[in-house]
Amino acid sequence: FNVDSGETLVFPHIMISDGDVGPDAGYLYEVAVKMLHIGPNIELERLSVTLPPHANVSVSYVGKMLSVSGKATIFEYVEVLHTVLYHNPSDTLHLDTSNRTFELLAFDGNHTANSTVTMTVHVPQRKQQSTMT
(Lines give C-alpha, C1' and ligand atoms only; values in the text may rest on other atoms or scores of the structure.)
Protein backbone atom coordinates (compact mmCIF):
# COMPACT_ATOMS: atom_id res chain seq x y z
CA PHE A 1 0.00 0.00 0.00
CA ASN A 2 1.41 3.35 -0.97
CA VAL A 3 0.75 5.33 2.18
CA ASP A 4 1.29 8.71 0.55
CA SER A 5 -0.95 8.18 -2.46
CA GLY A 6 -3.71 6.12 -0.82
CA GLU A 7 -3.70 3.46 -3.54
CA THR A 8 -2.63 -0.14 -3.93
CA LEU A 9 -2.90 -3.02 -6.38
CA VAL A 10 -5.70 -5.40 -5.47
CA PHE A 11 -4.77 -8.53 -7.46
CA PRO A 12 -1.03 -8.24 -8.22
CA HIS A 13 -0.50 -12.02 -8.46
CA ILE A 14 -3.89 -13.36 -9.59
CA MET A 15 -4.04 -16.38 -11.91
CA ILE A 16 -7.16 -17.75 -13.64
CA SER A 17 -7.73 -21.08 -15.37
CA ASP A 18 -10.62 -22.41 -17.43
CA GLY A 19 -11.68 -26.05 -17.33
CA ASP A 20 -13.97 -25.78 -20.36
CA VAL A 21 -13.37 -27.43 -23.71
CA GLY A 22 -14.68 -26.29 -27.04
CA PRO A 23 -14.52 -23.10 -29.08
CA ASP A 24 -14.68 -20.77 -26.06
CA ALA A 25 -12.07 -22.59 -23.99
CA GLY A 26 -9.46 -20.15 -22.76
CA TYR A 27 -11.75 -17.11 -23.13
CA LEU A 28 -13.70 -14.99 -20.67
CA TYR A 29 -16.57 -12.60 -21.31
CA GLU A 30 -16.61 -10.64 -18.08
CA VAL A 31 -14.92 -10.18 -14.75
CA ALA A 32 -16.27 -8.08 -11.91
CA VAL A 33 -14.49 -6.79 -8.82
CA LYS A 34 -16.70 -5.77 -5.93
CA MET A 35 -15.63 -3.87 -2.83
CA LEU A 36 -17.15 -5.78 0.08
CA HIS A 37 -15.78 -3.67 2.91
CA ILE A 38 -15.87 0.07 2.48
CA GLY A 39 -14.66 2.57 5.05
CA PRO A 40 -16.42 5.73 6.21
CA ASN A 41 -15.36 7.69 3.12
CA ILE A 42 -17.51 5.69 0.73
CA GLU A 43 -17.69 8.51 -1.78
CA LEU A 44 -13.87 8.62 -2.05
CA GLU A 45 -13.00 4.93 -2.11
CA ARG A 46 -12.95 3.54 -5.64
CA LEU A 47 -11.37 1.07 -8.02
CA SER A 48 -9.68 1.72 -11.34
CA VAL A 49 -8.07 -0.39 -14.03
CA THR A 50 -5.62 0.20 -16.86
CA LEU A 51 -6.43 -1.49 -20.15
CA PRO A 52 -3.58 -2.65 -22.39
CA PRO A 53 -3.83 -1.16 -25.90
CA HIS A 54 -4.54 -4.57 -27.45
CA ALA A 55 -7.37 -5.48 -25.04
CA ASN A 56 -10.75 -5.56 -26.77
CA VAL A 57 -12.78 -5.06 -23.59
CA SER A 58 -14.72 -2.25 -21.99
CA VAL A 59 -14.88 -1.04 -18.39
CA SER A 60 -17.83 0.13 -16.30
CA TYR A 61 -17.96 1.24 -12.69
CA VAL A 62 -21.31 1.25 -10.91
CA GLY A 63 -21.68 1.59 -7.17
CA LYS A 64 -18.66 -0.18 -5.78
CA MET A 65 -18.36 -2.74 -8.60
CA LEU A 66 -15.82 -2.53 -11.40
CA SER A 67 -16.74 -4.64 -14.44
CA VAL A 68 -14.58 -5.48 -17.42
CA SER A 69 -16.46 -7.10 -20.29
CA GLY A 70 -15.90 -8.36 -23.81
CA LYS A 71 -14.62 -11.64 -25.26
CA ALA A 72 -10.89 -11.87 -24.53
CA THR A 73 -8.38 -14.52 -23.63
CA ILE A 74 -7.83 -15.44 -20.01
CA PHE A 75 -4.29 -14.09 -20.40
CA GLU A 76 -5.68 -10.69 -21.46
CA TYR A 77 -8.09 -10.61 -18.52
CA VAL A 78 -5.28 -11.54 -16.11
CA GLU A 79 -3.21 -8.69 -17.58
CA VAL A 80 -6.07 -6.32 -16.85
CA LEU A 81 -6.68 -7.69 -13.33
CA HIS A 82 -3.03 -7.13 -12.44
CA THR A 83 -3.68 -3.40 -12.89
CA VAL A 84 -6.77 -3.07 -10.66
CA LEU A 85 -6.06 -0.30 -8.16
CA TYR A 86 -7.87 0.54 -4.95
CA HIS A 87 -7.88 4.31 -4.34
CA ASN A 88 -8.59 6.23 -1.19
CA PRO A 89 -7.40 9.81 -1.50
CA SER A 90 -8.99 10.81 1.80
CA ASP A 91 -6.98 12.97 4.18
CA THR A 92 -8.68 11.06 7.00
CA LEU A 93 -7.49 7.59 5.99
CA HIS A 94 -5.65 7.43 9.32
CA LEU A 95 -9.07 7.28 11.03
CA ASP A 96 -10.03 3.98 9.42
CA THR A 97 -7.20 1.53 8.83
CA SER A 98 -9.42 -1.53 8.77
CA ASN A 99 -8.77 -3.99 5.97
CA ARG A 100 -10.63 -3.60 2.68
CA THR A 101 -12.06 -6.77 1.13
CA PHE A 102 -12.69 -7.33 -2.58
CA GLU A 103 -14.46 -10.14 -4.41
CA LEU A 104 -13.64 -11.25 -7.95
CA LEU A 105 -16.21 -12.99 -10.16
CA ALA A 106 -15.50 -14.33 -13.66
CA PHE A 107 -17.89 -15.38 -16.43
CA ASP A 108 -16.68 -17.51 -19.35
CA GLY A 109 -19.80 -17.30 -21.52
CA ASN A 110 -21.29 -20.48 -20.07
CA HIS A 111 -20.70 -20.34 -16.33
CA THR A 112 -19.94 -17.88 -13.60
CA ALA A 113 -16.91 -19.08 -11.66
CA ASN A 114 -17.96 -21.68 -9.11
CA SER A 115 -15.53 -20.20 -6.66
CA THR A 116 -14.94 -16.54 -6.07
CA VAL A 117 -11.64 -15.01 -5.12
CA THR A 118 -11.65 -12.76 -2.09
CA MET A 119 -8.69 -10.48 -1.53
CA THR A 120 -8.06 -8.44 1.58
CA VAL A 121 -5.90 -5.34 1.40
CA HIS A 122 -4.36 -4.02 4.60
CA VAL A 123 -4.63 -0.27 5.10
CA PRO A 124 -1.68 0.88 7.22
CA GLN A 125 -1.73 3.89 9.49
CA ARG A 126 -1.23 7.05 7.45
CA LYS A 127 0.48 9.92 9.20
CA GLN A 128 -1.72 12.87 9.86
CA GLN A 129 -0.64 16.05 8.12
CA SER A 130 0.32 18.71 10.60
CA THR A 131 -0.97 22.21 10.05
CA MET A 132 0.32 25.47 11.39
CA THR A 133 -1.95 28.32 12.35
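How many aromatic pairs does the count come to? The count comes to one aromatic pair, where rings of Phe, Tyr and Trp (its six-membered ring) pair if their centres lie within 6.5 Å, with planes under 30 degrees apart called stacked, over 60 edge-to-face and the rest tilted. The model is predicted, with local features needing pLDDT of at least 70 and side-chain atom pairs counting only at pLDDT 80 or more, while totals for chains, interfaces and linings use all residues. Residues are numbered from 1 along each chain as its sequence is written, and side-chain values use heavy atoms, with hydrogens and water left out.

**Overall architecture**

- Read from the N terminus, the order of elements is β-β-β-β-β-α-β-β-β.
- Of the 133 residues of the protein, 36% are buried, where buried means under 20% relative accessible area, exposed over 50% and partly exposed in between (1.4 Å probe, protein chains only).
- The protein has an accessible surface of about 7800 Å², and 54% of this belongs to carbon and sulfur atoms; the areas come from the Shrake-Rupley method with a 1.4 Å probe, and for residues only the protein chains shown count as cover.
- Among contacts in the protein with a separation of 6 or more, 71% are between residues 24 or more positions apart; contact means heavy atoms within 4.5 Å.

**Strand pairing**

- Strand β2 pairs with strand β5 (residues 65–73) in the antiparallel sense over seven bridges; two strands pair if DSSP finds at least two bridges between them.
- Strand β4 (residues 58–62) runs antiparallel to β5 and is joined to it by five bridges, and Ser60 has Ser67 as its bridge partner in β5.
- The hairpin of β4 and β5 has two residues between the strands, and Gly63 takes a positive phi near 60 degrees in this hairpin.

- In soluble globular proteins, nonpolar side chains tend to be buried together.
- The largest nonpolar core holds 25 residues, of which Phe11, Val31, Leu47, Val84 and Phe102 touch the most other members; such a core is a set of buried Ala, Val, Leu, Ile, Met, Phe, Trp, Tyr and Cys residues joined through side-chain atoms within 4.5 Å.
- Two or more residues of this core come from each of β2, β5, α1 (74–81) and β7, and α1 gives the most, with five residues.
- Apart from neighbours within four places in sequence, Phe102 has contacts that include Val10, Phe11, Val33, Leu47, Tyr86 and Val121.
- Helix α1 is largely enclosed by the rest of the structure because six of its eight residues are buried.
- These buried residues of α1 are Ile74, Glu76, Tyr77, Val78, Val80 and Leu81, and their cover includes β2, β5 and β7.

**Individual residues**

- Lys71 lies over the face of Tyr27, at 4.7 Å from the ring centre; a charge sits over a ring if NZ of Lys or CZ of Arg is within 6 Å of the ring centre and within 35 degrees of the ring normal.
- Thr73 lies in strand β5 and is partly exposed, with a relative accessibility of 25%.
- Thr73 touches Gly26 and Tyr27, leaving out residues up to four places away in sequence.
- The C-alpha atoms of Thr73 and Asp24 are separated by 9.2 Å, and these residues are 49 apart along the chain.
- Ser17 is in the loop between β1 (7–9) and β2 (27–35), and Ser17 counts as exposed because its relative accessibility is 70%.
- Ser17 and Ile74 are 57 residues apart in sequence, with 7.3 Å from C-alpha to C-alpha.
- His82 is in the loop between α1 and β6 (85–87) and is partly exposed, at a relative accessible area of 30%.
- Setting aside neighbours within four places in sequence, His82 is in contact with Leu9, Phe11, Pro12, His13 and Ile14.
- For His82 and Ile14, 68 residues apart along the chain, the C-alpha atoms are separated by 6.9 Å.

Definitions and conventions
Helices (H or I, at least four residues) and strands (E, at least two) are DSSP runs, numbered from the N terminus.
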